[in-house]
Structures are given as C-alpha cells and as structure tokens.
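New notebook page, new structure. I'm jotting down what I look up as I go.

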Amino acid sequence: MQLSALAAGLAIATVISAAALAQNAPPTRVRGEVAGLDGNMLTVKSREGNAVMIKLADNWAVGLVSPVPASTIKKGTFVGIAAKPDKNGTLKALEVLVFPAAMRGTGEGHYGWDLEPDSSMTNATIDATVVKGGTRTLKVSYKGGTQTIMVPRDAAVVTLGPGDRSLVKPGAFVLISASKGADGTLTAARVAVGKDGSQPPM
C-alpha cells in the first residue's frame with residue numbers, strides 16, 4: 001500500500017475519535033446521502049431530511065467503510081462499538097467497527113455518542129468474547145475502565161480502509177465529522193463513505 005493511501009486511511013479514523021471532544025466545541029456529525037459535490041463544497045441530504053452544506057479542505061481524504069464477517073470480532077482486536085443500554089441496563093451494540101492494526105488506540109475510551117438517543121461509543125481492546133446462539137458478549141478494556149457489551153446477531157460489523165474521492169458521488173452514503181464556525185459554516189477534512197452503497201453504521 002502506498003504511504004499516501006495509508007495516510008488517508010489513518011486520517012479518516014478521526015471520524016470516530018474521541019479526540020474531537022477535547023476541542024472547544026464538539027464536532028457536528030453529519031450522516032446521510034451525497035446530493036452533490038461542486039469543487040470543495042459537498043451537499044448532503046442528512047438522515048433528518050435537510051440539505052447540509054460542508055466545505056471540504058483542499059487536501060480532504062476519504063475512508064471506505066466496508067462490511068466484514070462477525071468472526072473478525074475476537075480477543076485482542078481493537079474495536080469501536082456504538083451501543084445503548086437495553087431494558088436491563090446491559091450495553092447492546094448497534095454496530096462494531098473493527099479497526100485495522102495501524103489504527104489501534106484511535107479515540108480510546110468510553111463516551112457519549114449521537115447515533116441514537118442514549119447511545120455511547122466504546123473504543124477498546126477485546127479481552128474476552130463468548131458466543132452463544134449467535135450473540136457475542138464482549139469484555140473490553142480501555143485506559144481507565146472496562147465494559148461488557150452484548151453484540152446481537154444483527155449488529156453491523158465493519159472496518160475502515162483508504163478510499164478515493166471518486167466514491168463521494170450523488171447517492172453515496174457518508175459520515176462526516178465537521179467543525180462549525182462562528183458563522184455556522186461547516187468544514188471538514190475527511191469523509192467516510194459506505195462501500196457499494198451501504199450506509200456507514202457508526
């Protein structure tokens with residue numbers, strides 16, 4: 001893999017990184033379908049149904065979000081898990097992002113997330129996994145804590161890799177972590193796009 005491609009893949013990891021939480025203002029995550037790209041101005045029809053315009057940096061990078069088998073969720077793997085508590089308070093995964101080895105440690109921790117109401121993101125290493133009836137129960141650890149998370153059979157399992165700008169076209173589904181300026185303008189340097197028309201589930 002060329003260094004430039006690897007760099008693009010690594011850069012897109014900030015889409016699901018906690019590092020942005022340390023900034024003065026939290027990021028604005030935009031999830032939706034590309035409506036158009038005019039130069040560096042990207043228009044996304046958000047999942048809420050409104051058109052969102054995002055100014056992309058001159059050197060903007062693309063990350064490809066691809067489905068992988070559930071068997072990739074195993075001990076020692078570094079993962080990002082969006083989850084929410086079930087009626088018993090147990091964390092139930094909405095999706096699992098299996099990080100490539102080069103991205104180990106990205107956004108490590110457990111913090112609030114906006115995929116669904118009351119959802120969280122846990123970026124951690126899997127210490128143990130138990131599979132029963134297609135459901136995986138994971139014990140994961142990160143700096144400062146541990147979590148036990150149930151991964152149901154229907155939870156999306158994906159990984160991240162480098163992509164190219166040609167993938168960001170009308171009809172493609174994307175996830176973008178943007179910064180909002182004082183005037184309300186959204187800017188971003190990275191775009192995560194779902195492979196073959198799929199939606200990034202993060």
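Which residue in β9 is the bridge partner of lysine 92? I looked it up, and the partner is methionine 150. One thing to keep in mind while reading on: I'm working from a predicted model.

**Entry 1: strand β5 and its partners**

Next I went through the strands it pairs with. β9, residues 145-151, runs parallel to β5, and two bridges join them. Strand β10, residues 156-162, also pairs with β5 in the parallel sense, over four bridges. In that pairing, leucine 97 has valine 158 of β10 as its bridge partner.

β4 is another story: this strand, residues 78-85, pairs with β5 in the antiparallel sense over seven bridges. I noted that proline 85 is bridged to leucine 91 in β5. What do β4 and β5 form together? They make a hairpin, with five residues between the two strands. In the turn I found glycine 89, which has a positive phi of about 90 degrees.

**Entry 2: aromatic rings**

I searched the whole structure for aromatic pairs and got two. I wrote down the one between phenylalanine 78 and phenylalanine 99: the ring centres are 5.2 Å apart and the planes sit at 50 degrees, so this pair counts as tilted. Phenylalanine 78 is in strand β4, while phenylalanine 99 is in the loop between β5 and β6 (109-112). They are 21 residues apart, so I have this down as a pair that links distant parts of the chain. Buried or exposed, I wondered about phenylalanine 78? It counts as buried, at 3% relative accessibility. Phenylalanine 99 is buried as well, at 6%.

**Entry 3: two arginines**

I then looked at tryptophan 113 and found arginine 29 lying over the face of its ring, at 3.7 Å from the ring centre. Tryptophan 113 turned up again in the contact list of arginine 31. Arginine 31 is in strand β1 and counts as buried, because its relative accessibility is 9% and the cut-off for buried is under 20%. What does its side chain make a polar contact with? The answer is the side chain of aspartate 114, at 2.8 Å. Leaving out residues up to four places away in sequence, I also found Lys45, Val174 and Met202 among the residues that arginine 31 touches.

**Entry 4: the cores**

Last, the nonpolar cores. The largest has 19 residues, and Leu42, Ile54, Ile176 and Val191 touch the most other members. β1 (28-38), β2 (41-46), β3, β11 (173-180) and β12 (186-194) each supply at least two of its residues. β3 gives the largest share, six residues. Apart from this core I found another one, of 17 residues, including Val79, Leu91, Ala124 and Val151.

I zoomed in on isoleucine 54, which is found in strand β3 (residues 51-67). It counts as buried, at 0% relative accessibility. Its contacts, not counting residues up to four places away in sequence, include Val30, Leu42, Ile176 and Leu186. Asparagine 40 is also one of them. C-alpha to C-alpha, isoleucine 54 and asparagine 40 are 8.3 Å apart, and they are 14 residues apart in sequence.

Methods. Residues are numbered from 1 along each chain as its sequence is written. This is a predicted model: local features need pLDDT of at least 70, side-chain atom pairs count only at pLDDT 80 or more; totals for chains, interfaces and linings use all residues. Side-chain values use heavy atoms; hydrogens and water are left out. Two strands pair if DSSP finds at least two bridges between them. Buried means under 20% relative accessible area, exposed over 50%, partly exposed in between (1.4 Å probe, protein chains only). Contact means heavy atoms within 4.5 Å. Rings of Phe, Tyr and Trp (its six-membered ring) pair if their centres lie within 6.5 Å; planes under 30 degrees apart count as stacked, over 60 as edge-to-face and the rest as tilted. A charge sits over a ring if NZ of Lys or CZ of Arg is within 6 Å of the ring centre and within 35 degrees of the ring normal. A nonpolar core is a set of buried Ala, Val, Leu, Ile, Met, Phe, Trp, Tyr and Cys residues joined through side-chain atoms within 4.5 Å. A polar contact is a pair of N or O atoms within 3.5 Å; within protein, one must be able to donate a hydrogen and the other to accept it, and residues adjacent in sequence count only if both atoms are side-chain atoms.
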